[in-house]
Protein chains: 2
Amino acid sequence: MIVELISVGTEILLGNIVNTNAAFLSEECAKLGLACYYQTVVGDNEERLTETLKTALSRADIVILGGGLGPTQDDLTKEVAAKVCNKPMHLDEASKKHIEDYFNSKGVKIAENNWKQAMIPEDSVVLENPNGTAPGVIIEYGEKRVVLLPGPPNELIPMFNDSVKPYLRKLLPGIILSKTVKVCGIGESSVEKQIEDLINAQTNPTIATYAKTGEVHLRVTASAEDEAAAKKLLKPVVKELKNRFGTYIYSTDENVTLEMSIADLLIANDLTISTVESCSGGLLAGRLINVPGVSETFKTGFVTYSNKAKRKLVGVKKSTLEKYGAVSTQVAKEMAEGMHDVSKADVVLSTTGIAGPDGGSEQKPVGLVYICCYVRGRMTVKEYHLHGNRAKIRETAVAQALVLLRSCLLEYFSENTFGKE
Amino acid sequence: MIVELISVGTEILLGNIVNTNAAFLSEECAKLGLACYYQTVVGDNEERLTETLKTALSRADIVILGGGLGPTQDDLTKEVAAKVCNKPMHLDEASKKHIEDYFNSKGVKIAENNWKQAMIPEDSVVLENPNGTAPGVIIEYGEKRVVLLPGPPNELIPMFNDSVKPYLRKLLPGIILSKTVKVCGIGESSVEKQIEDLINAQTNPTIATYAKTGEVHLRVTASAEDEAAAKKLLKPVVKELKNRFGTYIYSTDENVTLEMSIADLLIANDLTISTVESCSGGLLAGRLINVPGVSETFKTGFVTYSNKAKRKLVGVKKSTLEKYGAVSTQVAKEMAEGMHDVSKADVVLSTTGIAGPDGGSEQKPVGLVYICCYVRGRMTVKEYHLHGNRAKIRETAVAQALVLLRSCLLEYFSENTFGKE
């Protein structure tokens, strides 16, 4: 089945906001096995929206529109869709009640134009919106479906997940099931090379690679009659990927991030961690602390951006700074050692580098970063040459620090069976 | 003049990447005074791309395509555009030379298919690509222009800024000039209310508001015959905005971020700063350190996520933690005081809060955050109720900490003329 996406909103055409809704919906539709050939953005303009919707209906089975369901005169997605599908509108009592309750709970007076949001086209399924006032709508237009969703991502995303996805699943013949294999520590091109034969031979399941900063995600997707059959198709392919990538795989759970998998490793092995950051300046701690419950393992984070702070807080020697410079293997090591002395953490990560745009030289160019990982007495320092602007270099340094940490932990565990000393 | 954007790439249709190019190009086109009514995303498919380009050319003066200029068989944007515009292709010697030089400098052997990138349609302007191998192209098709740009943002953005923007400017009658007034510390709806009369009365210049986390940007745009005339139009409106928003305005420079303006304030007044973070866990330091040259003012950052770290590193009292809990005015204060004692910084920011998803209670729900700002002996603590998921709450806490810091600094300066004690 073919799906087409239409995002409605002048603010997207003005570049005011990035169209993250389209990326979310596209990915979800791909997971459902729907083919998407076009995404269109159009403003809150009756004529252009009508034309765009008609074109989409001429080439797709399902058209999903996001945005333009608000209470103002400008918001006309629902009105246009009803007109194009020849469906008169009527007041939906349940939606009216929801709007009343919503405003009452916020103690806000209802403006007259809010009732517009309770008007629903005939032959429609109304989708509840627990995060706002505009209900979603699925218009059943012959064999076709027109799905209308509110624009704010915090309303659109849960509504799609909770109401639209189950609805579409029932519509689709058979089932589509995906499994994501998340790999870190190898580059995308190298990953692709190692599975070239699988990708070239693929029919069902298919394998798609998604490059992330410091990671590659491999999504294996099977389509089958039922869940059991889909799982059976996925199993050997996921197994083969596990064979090929081994410990480079940090998770096969869609919802587990690299920092979560690392926090799990640390907590399961009773290891505590501290960070001491120069160029990454807090972002590494920031990413680790994005894991709920990380306080069990995270001891302390220091941001020692200046040489003075490096000396005072973690005892980097003046002579080391003078001889090798702040961006050096030696300073990265002394930072990690010093942080271990101060915090007594089992594991320490340190970063020092030149994030630019200034401060680079021929010998030490912008993008040069040293990361040291200390694990119970053993130090590993690595040199990196990163690319991009200041923000990108810092983000990549954080990702590389996590990748290095994971590989040092695995090495430590392999030498200390069951993680015991 | 009307512009239309087409993004070419299956990876966008699969939701693999977010279409940030479209947001960038839309904003730049709006600044140039071009009206954009449609953005379309289409895959690397000859038939669909041909159809999309023809439709765009039927309703726009300028069509900008991003993506599909690579060396592989899949990349066919240039071939399709040449065909639609009836322009035969020829080998461009300068582009061929550039590709040779590029590969030689990287020490990589040139693959045969790379020469495809040096083929250029007749009646075209070739746009240099210092960041990659694919040159950009502007096809002059009667009165219309078809602009072809490489897909990677680090190639597309500089190429647009350096080559396309000056080209389009010459094409446009008169000039479009913008000035951005950046406001923090007031919400978007309140900003809009305060300038409702200006927005309702606007013709030239126009005023558009852009909500950012913790900030609102007001872009004033004038169109005129020449730069002097445009500046003359902008001046009174910018002056009026300055009157209305006063010290809420942190900059009128497009390139200055809130953290930059704060770092400037600190450096100009010889003030040093340290941070001690619980819920924001390093992200506040991380944002300050995104300012190049911040080492002049940034002393130390601590991440004290656990109660133990709060006690040990900045001396928060056990009794305070027990009596008021870690997320409280009192703990935020003791964290800031303690950090001042440790680092001797003139200014300290502390954060403590419940970022969720767990850890909330009826009395202290997820999203409750306390931020304390210490400026040379004076403490200000504020309570916040933030919304969103864990990442969003932490990001908003960081933005609010910067807004609070700025207002405390201004208050301090107003009481200590010229910032002297």
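Mentor: One term before we start. Two residues are in contact if their C-beta atoms, placed from the backbone, lie within 7 Å. Also keep in mind that this is a predicted model.
Trainee: OK. How many residues of chain A are in contact with chain B?
Mentor: 49 residues of chain A are in contact with 49 residues of chain B.
Trainee: And which elements of chain A supply residues to that side?
Mentor: Several supply at least two residues each, among them α2 (20-32), β2 (35-42), β10 (206-212) and α15 (390-415) of chain A.
Trainee: How do the residues on that side divide into nonpolar, polar and charged?
Mentor: On the side of chain A that touches chain B, 27 are nonpolar, 17 polar and five charged.
Trainee: Back to β2(A). What does β2(A) pair with?
Mentor: With strand β2 (residues 35-42) of chain B. The sense is antiparallel, over five bridges.
Trainee: Which residue stands opposite A:Thr40?
Mentor: B:Thr40, in β2(B).
Trainee: Why do you say the copies meet through the same surface?
Mentor: Because 100% of the interface residues of chain A are also interface residues in chain B.
Trainee: New topic. How is chain A divided into domains?
Mentor: Domain 1 is 2-171, domain 2 is 175-251 and domain 3 is 258-419.
Trainee: What separates the centres of domain 1 and domain 3 of chain A?
Mentor: 46 Å, taken over C-alpha atoms.

Definitions and conventions. Residues are numbered from 1 along each chain as its sequence is written. Chains are lettered from A and ligands numbered from 1 in the order in which they are written. This is a predicted model: local features need pLDDT of at least 70, side-chain atom pairs count only at pLDDT 80 or more; totals for chains, interfaces and linings use all residues. Helices (H or I, at least four residues) and strands (E, at least two) are DSSP runs, numbered from the N terminus. Ala, Val, Leu, Ile, Met, Phe, Trp, Tyr, Cys and Pro count as nonpolar, Asp, Glu, Lys and Arg as charged, and the others, Gly among them, as polar. Two strands pair if DSSP finds at least two bridges between them. Domain bounds come from an automatic or database domain assignment.
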